[in-house]
Amino acid sequence: MKVYIRSSACVSPQNTFNSVDFLTDIIESTGTRLKAIEPDYKEFIDPKQIRRMSHVIKMGIAAAKSCLTQADVEMPGAVITGTALGCIADTVTFLTRIVEQEEEMLPPTAFIQSTHNTVAAQIALMLKCHNYNNTFVHKGISFESALFDAVMLLNEQEADNILVGGVEEMVDASFAVLTRLGLYKRWPLSNLSLYNTPTNGTIGGEGAAFFLVSSEESSDNLAQLTGLKLLYKPTSIEEDIITFIKSHELSIEDIDLVITGKNGDTKNDEIYKSLSDSIFKNKPLANYKHLCGEYPTSSSFALWMASNIVKGGVIPEIAKEGKFELASPKKVLIYNHYQGKYHSLMLISAT
Amino acid sequence: MSSSVYIAGVGVISAIGNNVAENLASLKSEHAGMGDITMMDTIYRKQLPVAEVKLSNDELAALADLPANISRTTLLSAIAAKEALDDANIPNLNSLRTGFVSANSVGGMDKSEDFFVKFLADNSKGKLRDIFDHECGSMTELVADKLGISDFMTTVSTACSSSANAIFYGARLIKNDIVDVVIAGGTDSLTKFTLNGFNTLMILDKEFCKPFDENREGLNLGEGSGYLVLVSEKVAKKLAKQPYCTLSGYNNSNDAYHQTASSPDGTGSYLAMLGALKKSGLQTTDIDYINLHGTGTPNNDSAEGTAIKRLFGPDYPPMSSTKSYTGHTLGASGGIEAVFSVLAIKNKLIYPNLRFETRMDELPFEPVKELLTDQDIKHVMSNSFGFGGNCTSLIFSAI
């Protein structure tokens, strides 16, 4: 069975949403946190509801709906999301009120919208979609888990036209906690110079990227998802990558471009550096986290980018690691890891 | 794609017992687990009954062989998951591909809400240790590490249907030949966050809950965890003992009506039950027992009852809500009730719906009031419905 990406939409700190340009008009920002650019939600959500909805719900709905519009599909066969922290804004709001109001006279809205499956549920509600609806919340492989579920559903022939997305919002409280946990750099820097001075920490980010996946071949498809692999604490990622590529009857030479999860943190990037001296030696490489920041479902941004690269045949200059020319890459490997524990491999091919 | 998925092991901890044997004994002796709040520091002590696991974090930690300063949700998970895996007693487990699919609704919230008090006053305060494992995935990861599972793991969170979804995702991992063995279910501990959340919705009963009763007034929150060990046909053949049953049907459908309320006609519940029957190739008349979602809130039970009436009428199988024993354990409920469903088949039991008095006006049926023994149970349906219209039905079938 083959898995195709029919369409994709991405809300991110860059002009990625409903944009004709493909990562040419780059937003530079100084600090240690990139915020997503808000689309005009009126196009996608009833204005009365917009006010009540948190950032992550709105980003998710906009990306999901745009994805359906692009593919000209009204009703998806399933809705699956991945998110590590879920509706963290509403969670923090409700926690704050519990403390400040000493558990009394609390309004329910923040609690109601705090459950991790709210984005998937709101999409279903808006579309009146009664089909399979699931949400995965497993740290740095939340999105990959959702995508994995979609691939299984297609394989089981249980559903087609599956809407699958990765969503994450950053709020002040989570940013403060994650900063204290040492995830981010200790001084402000431009996202475009993230890779210039390898030190401890990266920059935070957020976003929502959705994909409509199908087993139907069509010239209109954006890309093919040739392979997907999730790994936990692998003993040799190098061997796992070789095995993964082989399992799809390809060799490393067949891969035109590798997108890695390089994020500017010395320790995080060690493995990418070591691979660039071994199996990825002389291989065109691309980065994406200087564009969207680091967050648990950032690999969904990478998949959006890779799909558009194989469809349009152009690699955005801003994404390239070093200088190289490469016309019409056909096979792109995305390799990302989250804090060294969770590793994921996605192989994307031109259709 | 391999056809059948077998249940090889069960593990549970809840307000009615710290293991399978204790839970079964309480189910048989009609012993409910609700009582006053003793563990949480909340203004609702002595006001709202809850169904607590009767062990402190220190005691749970000793049982789980884990540190006592981690989330209670993780401790509960580790205990039941280990019991399930030991129960399955799978030969040469190390040579098999094993997965862990766990669910929970609020991750390490019991610790996070402690952290938050100090953090809110000053963002540089609060013990980082208490917030480090806030993410839902952390509970799963810590338990997987403890069990030595690394081939596949993920976490599901769809509110109150979370662990039912985890169980059938686990079954599908086997059918898709991703793993040979999977431990699947869910866990949740009581938190101030959820207690206050449900309280704002005004759906907590100040007395012990009365699911499916005309005069029901809401749910009691509970805590615990429940896991099944699911194995492929190939592994089932090598087991020292006969597997309990198969997971023959499953479905998730969405009510698509409201973020928290169920539709009046229970569309999502209806579609989930119908879908699970279709998947199993069974008729409504084949179902010998329904373990209801049956939270005890006016809206939930009405929707579920209406959906059952529409799908099963006029022949209704025996049914009951074991939330009348355990309270509503949220992300753990689907796992705990899956264990109870498996035990119903194995022990030929139908559990009573405790405290039931008056049939609901709108329904032509009522739940079972007394323990039924020596029942020839071939097929059990277990319902789990959650926020976001997330409705899941599982069907377990005798071998």
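Start with the contact between chain A and chain B: select 46 residues from chain B and 47 residues from chain A, where contact means that C-beta atoms, placed from the backbone, lie within 7 Å. This is a predicted model, in which local features need pLDDT of at least 70, side-chain atom pairs count only at pLDDT 80 or more, and totals for chains, interfaces and linings use all residues. Residues are numbered from 1 along each chain as its sequence is written, while chains are lettered from A and ligands numbered from 1 in the order in which they are written.

On the chain B side, colour the elements that give two or more residues to the contact with chain A, among them helix 4 (109-121), helix 7 (162-175), strand 8 (245-254) and helix 10 (267-280) of chain B. Helices (H or I, at least four residues) and strands (E, at least two) are DSSP runs, numbered from the N terminus. Helix 8 of chain B gives the most to this side, with five residues. By class, the side of chain B that touches chain A has 17 nonpolar, 25 polar and four charged residues; Ala, Val, Leu, Ile, Met, Phe, Trp, Tyr, Cys and Pro count as nonpolar, Asp, Glu, Lys and Arg as charged, and the others, Gly among them, as polar.

Next, select chain A by domain: domain 1 is 3-214 and domain 2 is 223-349, with bounds from an automatic or database domain assignment. Their centres, taken over C-alpha atoms, are separated by 21 Å. In the contact, 49 residues of domain 1 of chain A meet 39 residues of domain 2 of chain A. Helix 6 of chain A gives the most to the domain 1 side, with six residues. That side of domain 1 of chain A divides into 25 nonpolar, 19 polar and five charged residues.

Return to chain B and select residues 57-64 (helix 2) and 72-88 (helix 3), which pack at an angle of about 40° with their axes 9 Å apart. Axes are lines fitted to C-alpha atoms, for helices over the stretch in contact, and angles run from 0 to 180 degrees between N-to-C directions. Show side chains for the contact, including B:Leu60 and B:Leu63 in helix 2 of chain B and B:Leu75 and B:Ile79 in helix 3 of chain B. The residues of this contact comprise eight nonpolar, one polar and one charged.

Finish at helix 13 (residues 333-347) of chain B. Here 13 of the 15 residues are buried, so helix 13 of chain B is largely enclosed by the rest of the structure; buried means 20 or more other C-beta atoms within 10 Å of the residue's own, with C-beta atoms placed from the backbone. Just after this helix, B:Lys348 takes a positive phi of about 55°.

Key:
Two residues are in contact if their C-beta atoms, placed from the backbone, lie within 7 Å. A residue is buried if 20 or more other C-beta atoms lie within 10 Å of its own, exposed if 12 or fewer, and partly exposed in between; C-beta atoms are placed from the backbone.
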